[in-house]
Amino acid sequence: MKKRGKSNSAGDLKSPAAALTGIKSTTGFIFLLSGVVNILALTGAMYMLQIYDRALTSQSIPTLLALSMLAIGLYMCQGVLDVVRSQIFVRLGAQFDKKLSPIAHKVTIDMPRFGFSMAEAKERGRDVDTIRNFLAGQGPQAIFDLPWMPLYVVFIYFLHPWLGTMVIAGAVVLASLALLTEILTKKKSQSTNRSEIKRSNLSDSHTRHSEVIRSMGLSGRAVDRFEKVNSEHLQLQTSTNDVAGTLTGLSKVLRMMLQSAVLGLGAYLTIQGDLTAGSIIAASVASARALAPIDLAISKWKSFVAARRSYSRLGETLSAIDAEEAFVELPAPVKSVHIEKITVAAPSSGAVLISDVAMDLNAGDAVAVIGPSGGGKTSFVRGVTGVWPLVRGSVRFDGAGIEQWRPDDLGQHIGYVPQDVSLLDGTIAENISRFDPEPTSEKIIAAAQSAGVHEMIVRLSNGYQTELGANGTSLSAGQRQRVALARALYGDPFLVVLDEPNSNLDADGDQALTMAIESVKARNGIVIVIAHRPSAIVACDLVGIIKQGRLAAFGPKEEIFADQATPKQKVPAAAQQRQEMRAVEPHSAA
């Protein structure tokens, strides 16, 4: 038996809070530390009280110096402890990020498979950043300072009950403003977030299709579309910020008014002989400190809301990941791939694209899957490789369904060249080796030679160490396709799936592709080729025709083409094959 994942896998993290090891003990320590910091924060009030009521009345310089030295020492202690508390929050955020970022990134990778947009997927990755930044900011400090507000209220109340009552009333008003901020901004914040995702989707789409936009003169229209969506987003964002900003400004004004009211009431009480001059200043300083956490919470409300939203989404993220279970590590498949009446639906719309398609493939088989454009060929291979989840049916490797395999383990036995070739940012060697942490030069070169791309690679200035950049843009389309073929062949996978593998290849590339398919067959592997050009199926023995999402025919190549031919088409086999391919496949794959 083998355990999936690592020690910080999703199975060990049932909620975002679980990512913070020892969070309860840490929270308790921070609470006590905040208490010490808040007690030390009374230094200013006590210093003023003693200066006005003792040092000035006694005219004693030694008393003034002693009080000043004591205050400096207490201020330094408060500063050190405040820094320590801040550093603890920063490290909690880093710990949170370290444990959850890999899981969030895994979900980011998987979400497009289930119909989510790239912007929505990226948002899950940014959730961890949002919470980490929140923990490293001043928001958590305000939360831990709020429980210690009664300390200042009690201090002021002992100076005079009227002053304490006034501060309590001010705290209630400011707390009500915080609650009102939450009520008025909650729905607006959700709408703003949705509009931001919509804007990001449009921006990503324009970036991906920049060549088409530029070449066909669509730049102005693209900008107009973006401007419209951006205007809607700005309107919502402005409305949200107006509410939050207004309440934040109002809270600051009320806090300053309250401080002045405390001074005024203190002066009145002093005139009446019920309060000393030092008590006036002490009450003013203590009241400012008592209300500061509420004022800070209101000013940081936007970050509070963002962190809460991200925390909630992270909870959904963790619940969406299957619990990690012990599983039997299956042996490498060597016999067959059985496709048992699979049904595949588009993740974004739920429309069924493939229905009840079945094939039995054995070691050494190479099948060409052909059919009209939009018939479902690409959807078929996405279901076979596990890129898209199956609605019904099963794909079995040596009798074991793909759900019995850990995806990373099964992926070592599958080579896949998608219709839209995607190379990752890195070197050619890293891409061919699938970023194997311990690659061998022999395996990399063997895969490149099998794909007929070794000579092309060594002619590059940096050879296998050539940096490809984002999406492999440093290579031509044909070169990228051949490097992708080498990546698919790396490690001699049992099943090799090629979706339009020669769409950008020249004659030499076609020949190399045929030899690659033959080599897979020779080592008793299985090849599935989605083909439009006849040269791609020269080495294939079987043919499957998919039309309107169903398997219309499947069998030996000669029999399938013979059945498809009309009586008037009495032509040599090779010419007959080319004619049939042209008739069946005039355009690009679905």
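Over how many bridges do strand β3 and strand β6 pair? In this predicted model, β3 covers residues 336-345 and β6 covers residues 390-397. The two strands pair over six bridges, in the antiparallel sense. Within this pairing, I339 stands opposite V395 in β6.

The pair belongs to an open sheet of four strands. Their order is β4-β3-β6-β7, and the pairing is antiparallel. Strands β4 (352-362) and β7 (400-401) form the edges, and each pairs on one side only. In general, strands of a sheet pair through backbone hydrogen bonds, either parallel or antiparallel. Helix α12, residues 377-384, packs on the sheet. This helix touches β3, β4 and β6. The direction of α12 makes about 120 degrees with that of β3.

Another helix, α6, spans residues 149-159. Its buried residues are M149, Y152, V153, F155, I156 and L159. Buried here means under 20% relative accessible area. Seen down the axis of α6, these buried residues fall within an arc of 160 degrees, so they line one face of the helix.

These elements are part of a chain of 590 residues. Its secondary structure comes to 20 helices and twelve strands. Of the residues in the chain, 44% count as buried. The accessible surface of the chain comes to about 29,500 Å². Carbon and sulfur atoms account for 59% of that surface. Contacts in the chain were also sorted by sequence separation. Among those between residues at least 6 apart in sequence, 75% join residues at least 24 apart.

Methods. Residues numbered from 1 in each chain as written. Predicted model: local features only at pLDDT ≥ 70, side-chain atom pairs only at ≥ 80, totals over all residues. Heavy atoms only, no water. Pairing = 2+ DSSP bridges. Contact = heavy atoms within 4.5 Å. Axes fitted to C-alpha atoms, helices over the stretch in contact; angles between N-to-C directions. Buried < 20%, exposed > 50% of the residue type's maximum accessible area, 1.4 Å probe, protein only. Areas by Shrake-Rupley, 256 points an atom, 1.4 Å probe, with all protein chains shown as cover. Arc of directions from axis to C-beta.
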